[in-house]
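Please keep the sequence and the model at hand while reading.

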Amino acid sequence: MTLARATEVLADVFGFPAFRPSQDEVVGHVMDDRDVLVVMPTGSGKSLCYQVPAVARPGTAIVVSPLIALMRDQVEDLRARGVRAAALNSSLSPEGARAVEDELVAGTLDLLYVAPERLVTDRFRALLDEFEPALFAIDEAHCVSQWGHDFRPEYLQLSFLRERFPWVPRMALTATADRRTRDEIADRLLRSDAAHVVTGFDRPNIRYLVGLDDGSARPQLLRFVQERHAGAAGIVYCLSRRMVDDVAAWLAAQGVTALPYHAGMDAAERDANQQRFRREDGIVMVATVAFGMGIDKPDVRFVAHLSLPRSLEAYYQETGRAGRDGLPSEAWMRYGLADVVQQRRFIDGSDADEEHRRQDVRRLEALLGYCEATGCRRRVLLAHFDDDPGADCGNCDNCLEPQDTVDMTEAARMALSCVYRTGERFGAGYVIAVLLGRDDARIRRNGHHEVSTFGIGTDVDEATWKAVLRQLVARGELATTEHDGLRLTDRSGALLRGDGTLHVGRRRIGAGGTASARTRGRGGAGRPADALDGPQRARFERLRELRRTLAHEQGVPAYVVLDDAALAAIARDVPRDEAGLLAIPGIGRVKLERYGAAFLAALAEE
Ligand code: ADP
Ligand code: ZN
């Protein structure tokens with residue numbers, strides 16, 4: 001059972017000519033009967049690391065996964081490739097489960113997905129004697145960590161596999177695990193001589209674009225969707241259910257195929273929307289963060305945040321749902337002072353203990369450090385996970401359009417002083433109006449046209465003042481009162497005394513942080529079809545129509561028939577026979593049998 005055999009399966013079943021380097025390493029270990037810990041980012045091809053050995057090795061591979069939606073997607077995809085795959089989880093009827101168990105015992109499955117709580121039942125443990133396990137793959141292996149957010153007690157029980165089947169290779173896979181979690185996973189689930197294959201966190205195909213919400217975030221989003229991702233699938237994250245409903249309705253009214261998703265909706269409607277997102281070609285899902293866990297849709301071309309995510313970890317996970325297929329994708333965010341104030345107030349008002357609150361503050365600071373970064377964003381993001389790409393990425397807004405920083409320390413001092421002189425109870429708009437010396441009835445009524453800071457800030461424009469205040473709040477040098485006023489904190493003193501500095505990126509000044517025509521134009525939407533010329537493009541659209549019909553007939557998502565990359569390659573190369581189709585990456589033997597004739601006929605018609 002060598003790597004050569006696995007490479008044959010890769011070509012024959014999955015239609016790919018070669019493993020990626022980290023896959024090569026992992027599959028090599030498994031084919032050598034070795035345990036292996038796999039930490040690879042989403043979209044890097046983790047699933048193939050167990051799917052290929054599952055087919056190449058005798059017996060049935062058992063894949064443990066807590067995500068039912070993901071099991072369903074993968075089973076569907078594998079069956080479309082002719083792999084004998086099934087899933088055993090709570091969505092099955094007792095009869096359905098029994099039928100799967102019968103297949104397992106009969107030895108007619110290459111691969112079985114099992115929910116962890118089912119694997120540890122006595123019933124399943126008894127079954128384990130009845131068939132030959134090819135390997136055990138434990139997905140989402142970080143769930144074994146008692147210190148993580150996703151801890152699942154059943155994962156601890158999975159260690160029995162190690163005692164009972166010492167000769168069967170085990171794989172523990174995850175997309176996110178720091179050092180400590182990695183050690184925990186290896187310690188609990190794998191043999192001590194297990195190989196560790198850990199690649200970085202980088203998702204190079206995702207372009208990061210972050211800008212300010214200057215009050216026009218929604219029209220900016222619409223332009224982003226229409227100009228760069230027309231007809232593509234995407235996710236728009238919103239903070240509240242109400243905002244989800246609003247934004248979805250608004251986008252739909254502008255002609256975007258947008259659907260809402262949040263926990264407050266009628267369950268049937270919510271599931272229907274999720275199904276459409278999964279199966280149809282270009283749906284934009286507007287959702288709260290409740291949406292996305294276990295969504296394995298490979299062709300999500302953008303993830304947009306209309307307000308600050310909860311943390312950089314959450315941002316990485318949420319944006320990570322873009323571009324699982326490895327094709328160019330975009331993570332777009334707009335945020336504003338109100339977001340910062342809100343999160344800050346949330347922390348200050350929580351009844352968590354002091355240590356917890358300090359952690360929350362650090363988390364917010366890290367997030368804002370990323371948002372306000374003036375250098376390569378990918379470096380800031382990866383540094384947060386102790387990862388270093390070694391060079392600027394060339395694929396984030398700051399790399400595409402470098403910006404200088406401006407020293408705003410003096411302005412920051414003026415702002416703090418102005419907050420103090422006006423009594424530490426007014427919001428950002430009022431404080432800025434005083435700094436700018438505006439003629440305002442409220443200011444006069446309060447006598448603030450007579451304080452020393454009135455009109456001292458006219459050299460700085462309003463957008464810049466906002467940037468300064470945002471940073472001061474983010475850094476904890478300003479805090480908010482119950483009524484959204486700003487007040488000083490025990491950290492304000494340093495800056496006021498002349499210690500410390502504050503810098504603001506130039507793009508944060510004036511223009512409201514909107515990406516310029518240059519960033520907007522460069523590289524287009526980055527979808528596979530964008531590299532096609534006119535006639536190829538028209539052919540692509542016709543093939544897409546055919547794909548839709550085939551998917552509909554077979555009741556599978558469009559990408560299960562063929563993904564966009566394969567479709568674009570066909571439109572470009574126009575294969576005339578079966579050998580030509582087989583040369584297209586992503587088309588293996590079974591796909592050729594199933595769909596080859598239909599595509600060749602469509603191409604012959606031109
Ligand atoms: P993960 O499980 O790590 O999120 P997937 O296994 O879903 O990643 O793979 C992501 C994408 O990369 C899929 O579209 C898959 O077809 C593609 N892919 C994986 N391995 C290869 C390979 N060796 N060559 C070409 N494409 C690959
Ligand atoms: Zn960059």
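Helix axes here are lines fitted to C-alpha atoms over the stretch in contact, and the angle between two of them runs from 0 to 180 degrees between N-to-C directions. The model is predicted. Its chain is divided into domain 1 (3-198), domain 2 (206-400), domain 3 (405-514) and domain 4 (528-604).

**Packing of α14 and α16**

- Helix α14 (residues 312-319) packs on helix α16 (residues 354-371) at an angle of about 55°, and their axes are 8 Å apart.
- Angles under 35 degrees count as roughly parallel and those from 65 to 115 as roughly perpendicular; α14 and α16 are therefore oblique to each other.
- On the α14 side the contact is made by L312, E313 and Y315, and on the α16 side by R363, A366, L367 and Y370.
- Sorted by class, this contact of α14 with α16 has five nonpolar residues, two charged residues and no polar ones.
- Helix α16 also holds Q359, which is partly exposed at a relative accessible area of 33%.
- Q359 and G59 are 300 residues apart in sequence, and their C-alpha atoms are 48 Å apart in space.

- Helix α2 (residues 21-31) is largely enclosed by the rest of the structure, because eight of its 11 residues are buried.
- The buried residues of α2 are S22, Q23, V26, V27, G28, H29, V30 and M31.
- These buried residues pack against two helices, α1 (3-14) and α3 (46-56), and against the strands β1 (36-39), β5 (133-138), β6 (170-174) and β7 (195-198).
- The phi of D33 is near 65°, a positive value in a residue other than glycine.
- With 40% relative accessibility, D33 counts as partly exposed.

**Nonpolar cores**

- The largest nonpolar core has 75 residues; those touching the most other members are F277, F291, Y315, Y370, L469, L472 and L478.
- Domain 2 (206-400) and domain 3 (405-514) both give residues to this core, so the core lies between them.
- Another core, of 38 residues, lies apart from it, and V9, M40, V52 and M171 are among its members.
- Leaving out residues up to four places away in sequence, L472 touches A412, A415, L416, E477, L478, L495 and L502.
- Y315 and Y370, listed among the residues of the largest core that touch the most other members, also take part in the contact of α14 with α16.

**Domain 2 and domain 4**

- The C-alpha centres of domain 2 and domain 4 lie 31 Å apart.
- Eight residues from domain 2 and 10 residues from domain 4 make up the contact.

**Two further buried residues**

- Q74 is found in helix α4 (residues 68-80).
- The relative accessible area of Q74 is 5%, under the 20% limit, so Q74 is buried.
- Q74 touches S47, Y50, Q51, Y113 and D296, not counting residues up to four places away in sequence.
- E140 lies in the loop between β5 and α8 (153-157).
- Although E140 is not a glycine, its phi is positive, about 50°.
- E140 is buried, with a relative accessible area of 18%.

Terms used:
Residues numbered from 1 in each chain as written. Chains lettered and ligands numbered in written order. Predicted model: local features only at pLDDT ≥ 70, side-chain atom pairs only at ≥ 80, totals over all residues. Heavy atoms only, no water. Helix = DSSP H or I, 4+ residues; strand = E, 2+ residues; numbered from the N terminus. Parallel < 35°, antiparallel > 145°, perpendicular 65-115°, else oblique. Contact = heavy atoms within 4.5 Å. Nonpolar A, V, L, I, M, F, W, Y, C, P; charged D, E, K, R; others polar. Buried < 20%, exposed > 50% of the residue type's maximum accessible area, 1.4 Å probe, protein only. Core = buried A, V, L, I, M, F, W, Y, C linked by side-chain atoms within 4.5 Å. Domains from an automatic or database assignment.
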